[in-house]
Amino acid sequence: MNPLPRWAELGLIPLMNLTLAFLVSGLVVWLIGEDPLRALSVMLQGAFVFDGGLGYTLYYTTNFIFTGLAVSIAFQAMLFNIGGEGQAYLGGLGAVLVCLALDAVLPGIVVIPLAIIAAAAFGAAWASIPGYLQAYRGSHVVITTIMFNFIAAGLMVSLLAGPLQRAGQSSPQTREIGEAGQLPFLHDIWRGLGFEATTTPLNLAFPLALLACLGVWLLIWRTRWGYALRALGHSELAAEYAGIPVRRMIVMAMMISGALAGCMAVNEILGAQHKMVLNFTSGYGFTGIAVALMGRNHPVGIILASLLFGALYQGGAELDFEFKTITREMVLMIQGLIILFSGALALMFVPWLSRRLA
Amino acid sequence: MEWILSVIPVLDATLRLATPLILCAMAGLVSERSGIIDIGLEGKMLAAAFTAAALATLTGNPWAGLAAAMGVGLMLSLIHGFACITHKGEQIISGVAINILASGLTVVVGIALFVQGGQTPILGREERFGPITLPGAETLGGVPLLGPIYADLISGHTVPVYMALAVVPLIWWMLYRTTFGLRLRAVGEMPAAVDSAGVSVVWLRYRGVMIAGLLCGIAGTYLSTAHGAGFVREMSAGKGFIALAAMIFGKWRPWPVLFACLLFGFLEAGAARLQGVELPLVGEAPVELILVLPYVATVILLAGFFGRAIPPRALGTPYTKER
């Protein structure tokens, strides 16, 4: 079988897979008695055209960039980190603890960086255990990260319904964090500059996410460490032979991955919600897997894929308003199909296409 | 003697809670023994739960629900097989896709069919699997000790519970006493050897995932038409992953996996009992923390701190015939 030309591998194949996922989704929409083309146009308008739509889209995009980067950096070392959900949850714990402790005594310029560092550190710490167990004890990181998602969920339920619960309330959430712990909204900044802006949850975490992309790109493709990581991903034996400390690299890769997942909480807690509620991660960690797959583990690809999923989420919310029988779960289904066709069945068209192009 | 009688309700609840775990864990076991990782147990069970409840409502017959649910489980496992066996796709990604697909699709179809926010209508008595009283349960109930154990613990369960209990010896017999089982285990360890013996690796693995799909179908049916009375969104609630943990905890062997499922079911039953109970020294029972014990135990086992859980050797690697 001939290898495919680059444009086909990077452009055509992902496009074909994505198209197939959307065709099947359209079929389901048609089967439940709605008009797929109208649904598509409502989604696109809701995501990009309607007032505030773009802001919401980019706000969701921010979450996906962080969790997508998290999955991708572990994947460079051939590690499947499907614990983004739990790591983001713990990251939220780090951020909210810093804010609850310091928001009344210190100014934002101190609290916010500390909270971001805490989010990353807690996420990294939570990911370091599966990383360590994979590297030194040989337990499969996929299974341990799944288990750690559930352990994190149990831990957070008991914390949010216990010591962290807002005084005098029965719902499992923390108290609102003070202004010193809140990242500025972009609409506020925009208005400060004299422009008009619709109120959306888009906040400074978005540029932070873009910076993280740049950071990951530099780290993976422009440093010795990144080279070692990629070498490890291609062949552990060769890496070992070349003198790369494989085990330490595995733990470090998982920690960076966890730190990035933890930073998702920066967008949600410091940026948008200003408190921690139960299940605030709501599946973003899992979507990170789809984002990394679609984005081919490259930061630029991840930004594009995050934008796609951000638009899906925001457009899905719009579907909820416009159609009686379509809800947000439609987006979940589309996401599942995208993971299936662009991930598990990614190579389906390759033999056929390479025969065509030969 | 008294304490035994007071333990019976907990053991009874254990069996009820362990049933979906047993079925799913056996499903995972067969699939993984053939070399195919199955983290899509959760999604297959969820989709099956919806199908069973929907068909039971529409036809008024739980058996129709069971048949359809097994069909859906089979279909999803064939998708998994198509991706992982035929196209050599990543098995974990395919599993994740099935889980997400199921949690979206069940609600989408549920709303389209029943317009109740993704639930199915509540099932009536005739539409569910009712408890079966085993012969002699009432007459023997008066016998001290053994009577209550037989009447309350062993008798009075629904069909899927007994199916789960029957599945374990069946799987054991299939794996260790039939040619098919021998080949299935071999294909999970060293597919090249099976291939060179002239037996199809692909067809063996397909049969492995298909059995898994059927078993997940029964597990889902149990959730919505025997244990519960209708489908509620996300009703599988992580049970597929606990089953996965139990399968690892039982080291991919039927009897130990059964015990792991019963143990995890017992933890869940115990946690439910302890809800809001004040314990000496610790205060209010940390129910959430008890519920994560299966996961913690599995992590510790996997780390090799007690015993060693060694997965089938070819697990997760697609087989490529040499050319």
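Author: What follows starts with the chain as a whole, goes on to the contact, and ends with some local features.

This is a predicted model, in which local features need pLDDT of at least 70 and side-chain atom pairs count only at pLDDT 80 or more, while totals for chains, interfaces and linings use all residues. Residues are numbered from 1 along each chain as its sequence is written, and chains are lettered from A and ligands numbered from 1 in the order in which they are written.

Chain A has 15 helices and zero strands; helices (H or I, at least four residues) and strands (E, at least two) are DSSP runs, numbered from the N terminus. The C-alpha trace of chain A spans about 65 × 60 × 40 Å along its principal axes. Of the 358 residues of chain A, 53% are buried. A residue counts as buried if 20 or more other C-beta atoms lie within 10 Å of its own, as exposed if 12 or fewer do, and as partly exposed in between, with C-beta atoms placed from the backbone.

The contact between the chains takes 39 residues from chain A and 38 residues from chain B. Two residues are in contact if their C-beta atoms, placed from the backbone, lie within 7 Å. On the side of chain A that touches chain B, the elements that give two or more residues are helix 5 (108–137), helix 6 (141–160), helix 12 and helix 14 (329–344) of chain A. Helix 14 of chain A gives the most, with 11 residues. By type, this side of chain A divides into 26 nonpolar, 11 polar and two charged residues. Here Ala, Val, Leu, Ile, Met, Phe, Trp, Tyr, Cys and Pro count as nonpolar, Asp, Glu, Lys and Arg as charged, and the others, Gly among them, as polar.

Ser282(A) is not a glycine, yet has a positive phi of about 20°. Ser282(A) is partly exposed, with 14 other C-beta atoms within 10 Å.

Trp252(B) lies in the loop between helix 11 (239–249) and helix 12 (254–274) of chain B. With 23 other C-beta atoms within 10 Å, Trp252(B) is buried.

Helix 4 of chain B is mostly covered, with 21 of its 24 residues buried. Val115(B), whose phi is positive, near 50°, follows helix 4 of chain B.
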